[in-house]
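I opened this notebook to record what I looked up in the model, entry by entry.

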Amino acid sequence: MSRTALRICPLCEATCGLTLTIEGTEVTGARGDRDDVFSQGFICPKGASFGAVDGDPDRLRTPLVRKDGELREATWEEAFDAVAAGVRAVVERYGPNSVGVVLGNPNVHTVAGALYPPVLLAGLRTRSIFTASTVDQMPKHVSSGLLYGDALAIPVPDLDHTDHLLLIGANPLESNGSLCTAPDFPGKLKALKARGGTLTVIDPRRTRTAKLADRHIAIRPGTDALLLAAMTSVLFEEGLVAPGEPAPHLQGLDELPDAVRGFSPEAVADACDVDAGTIRTLARELAAAPTAAVYGRIGSCTVPHGTLASWLVDVLNILTGNLDRPGGALFPQAATDKTPRPAGPGHGFALGRWQSRVSGHPEAKGELPLSALAEEIDTATDEGEPVRALVAVAANPVLSAPDGDRLDKALDSLDFMVSVDPYLNETSRHAHVVLPPPPPSQSPHHDFAFNTLAVRNQVRYSRPAVPLEPGRMAESEILARLVLAATGMHGADPAAVDTLVIDQTLGKAVKEPHSPVHGRDPKELAARLTGVNGPERRLDMMLRLGPYGDGFGVRPDGLTLERLLAHPHGIDLGPLKSRLPQPLKTVSGKVELLPRPIADDLPRLRAALRERTDGIVLVGRRHLRSNNSWMHNVPALTGGTNRCTLHIHPEDAERLGLRDGAPVRVKGAGGEVVTEAEVTDAIRPGVVSLPHGWGHSRPGTRLNHALKDPGANVNQLLDGSLLDPLSGNAVLNGVPVLLFPGDDPRTPGREAVGGVTGADIGEADLSKTGHRGSAVSSAKL
């Protein structure tokens, strides 16, 4: 007999509410939850395929431990014994920094992934930390940290109320939104246009989002910061600067005109390949709109000047009076945020507190560039031990980081590796121990990360829809046991991890004068927590201490876990509101418009005015039915338009002798791939596009469906040498490549590569063909 259960979808950032149909313990269907306070019934193909994702037969069901060179099924006890022995041996012999930790994107989509990795990092005391952020959004964290003093204080566009939305490097009709959590992003853009608003999209591709726009600007890839700087200069030149109510909270406004001098529309037009008059119009319309928001995403982050572009997005919102006002860009307030502290100066945000061992890359937000992971493993220096053990949690950097071939070899050289992953994939196949979490239906869900980026304040929680299958272990227990095993406490009760966090959090809260529990007994507070397990008790604690919480009885109508459980479709906490100056944690207590690291990086942007890429450059793209490398093993989410093809403009295809549907060889600084050409005028001439997350062709994996159509790994075209120096983010867009027909045995010459110098494909210096001087040079890696 079938039943239904509610579940928040964990498959992208939109966090839509689902109603699951369940037969026994199998999810047989999924539809949108019409009563969900946030998504109101919206669903995308990923959510509709929840059952297929959940029931993928290739999901691992028991731990794997390497014995005699082979991964074999083992008991949980054997697996954690091996973890404790492997990690601790490396720590004790070589020190904590010899253990690397890689955290993948799926961590922010699970309760356990949000709660336990910070405890693991604190316990290991390693500085060898790498995450998916440095192949994605780290520039936005860095720019927010420098502007507002908090790398997590990211304003989001008020989609439901804005009159004018400018998107740069964003394609939310395919991505469902990113660093802007918004179920039914397509519907919100259509509603914007229906109420008479304006949508402008800046993107080298005519994406689905661009097709909906009132104006599409096909910018030259990698020049986003130049165009935004030119728009900023127009605001000053034409007297259009009007910051509005945030003005008393701004520092450095008088210094900005000099900072952007020289970036006039006329000066940047040739580099951006955007007419100067068009740039002036963009700035004027932004300033004239009753309300407006500029929103930049991965296309403007994964470029040589990603941090400057991210900074300028906020600068434009600030100068036009659209920061922190309805209809503009506002700071969300999540239910599990820390207790709001009184406005005032904070500790600020620092960059480069330490550097990577080999190339000296500065840390950002406590992380080193994922691009540097391979060299941190395979390169000896006098600056300390290389990474000899690796803990990978929901991470597949062999596909998601530049130069997977090098990383593939480096992982094989490790003394020990443990991977927490439901699949034996391109990365976890190297592990000595694989710890598989259960499928989503058997796990709880609350969006700790994405509610801090949501376009409406709300709170929702799903308990597991299906009981934990016999022989499986809850993801929270897996990660708690991993913390204990890796930090020298193997064999302790895993519940002790949650108890420790609760005791520490409440112990600190009672000492803070602004806390609702100031002066109270932390043991008495802990005894009042509800929930069936440690994660639920921690959620209850965070809700009670948060901005809407009951303060452990201080506010009787405030949030608690019990109240949230009584509202299975969630609780609406209202639209985003103006919050300045409370979110600011800068040393000055103000928005610091021109922080020193930004000012010091502007000469590098000026140098880019003199640069021009004459050959073919590569950009990535998103598919609605994919999320990075996750879902290519699900038949319902592959095929059709979700294919790994190289988009190329008809003019380029004709000039290079490439045919639609025929194989094409693509050569980059990091290697070469062969894929299928897809000739389309939806991409501008001189630019080609290959999607991210494919390349499932390496031996030793257990991804049977993905192996049938593995696609090409776009990141293999990169050698990891091109980084945004402020954030350490990999440059994935606007990178030069060479093209020639896949059935052509000859090495391409000048004609085949569209003007790129280099008679021999093996000798062409692709690291210097593009933005020379605009990123960290290859010599530094």
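Which residue takes a positive phi in the hairpin of E2 and E3? I found that Gly 24 does, with phi near 65°, in a hairpin that has two residues between the strands.

**Basis.** I am working with a predicted model, in which local features need pLDDT of at least 70 and side-chain atom pairs count only at pLDDT 80 or more, while totals for chains, interfaces and linings use all residues. Residues are numbered from 1 along each chain as its sequence is written, and side-chain values use heavy atoms, with hydrogens and water left out.

Thr 19 has Arg 31 as its bridge partner in E3. The element labels are DSSP runs numbered from the N terminus, with helices (H or I) of at least four residues and strands (E) of at least two.

**Salt bridges.** I counted a salt bridge where a side-chain nitrogen of Lys or Arg lies within 4 Å of a carboxyl oxygen of Asp or Glu, and the structure holds 41 of them. In one, Arg 284 and Glu 238 have their closest N and O atoms 2.8 Å apart. Because Arg 284 belongs to helix H13 (residues 276-288) and Glu 238 to the loop between helix H10 (224-237) and strand E12 (250-251), this pair ties together parts that are 46 residues apart in sequence.

For accessibility I used relative accessible area with a 1.4 Å probe and protein chains only, where buried means under 20%, exposed over 50%, and partly exposed in between. Arg 284 is partly exposed at 39%, and Glu 238 is partly exposed at 28%.

I then looked up Asp 498 and Arg 538, whose closest N and O atoms are 3.2 Å apart in a salt bridge. That pair links helix H20 (residues 495-509) with helix H22 (residues 534-545), the two residues being 40 residues apart. Asp 498 is buried at 5%, and Arg 538 is buried at 5%.

**Cysteines.** My search of the whole structure gave zero disulfides, a disulfide being a pair of cysteine sulfur atoms within 2.5 Å. For Cys 180, the nearest cysteine sulfur is that of Cys 12, 12 Å away, and Cys 180 is buried at 0%. For Cys 272, the nearest cysteine sulfur is that of Cys 301, 17 Å away, and Cys 272 is buried at 0%.

Note on methods. Pairing = 2+ DSSP bridges.
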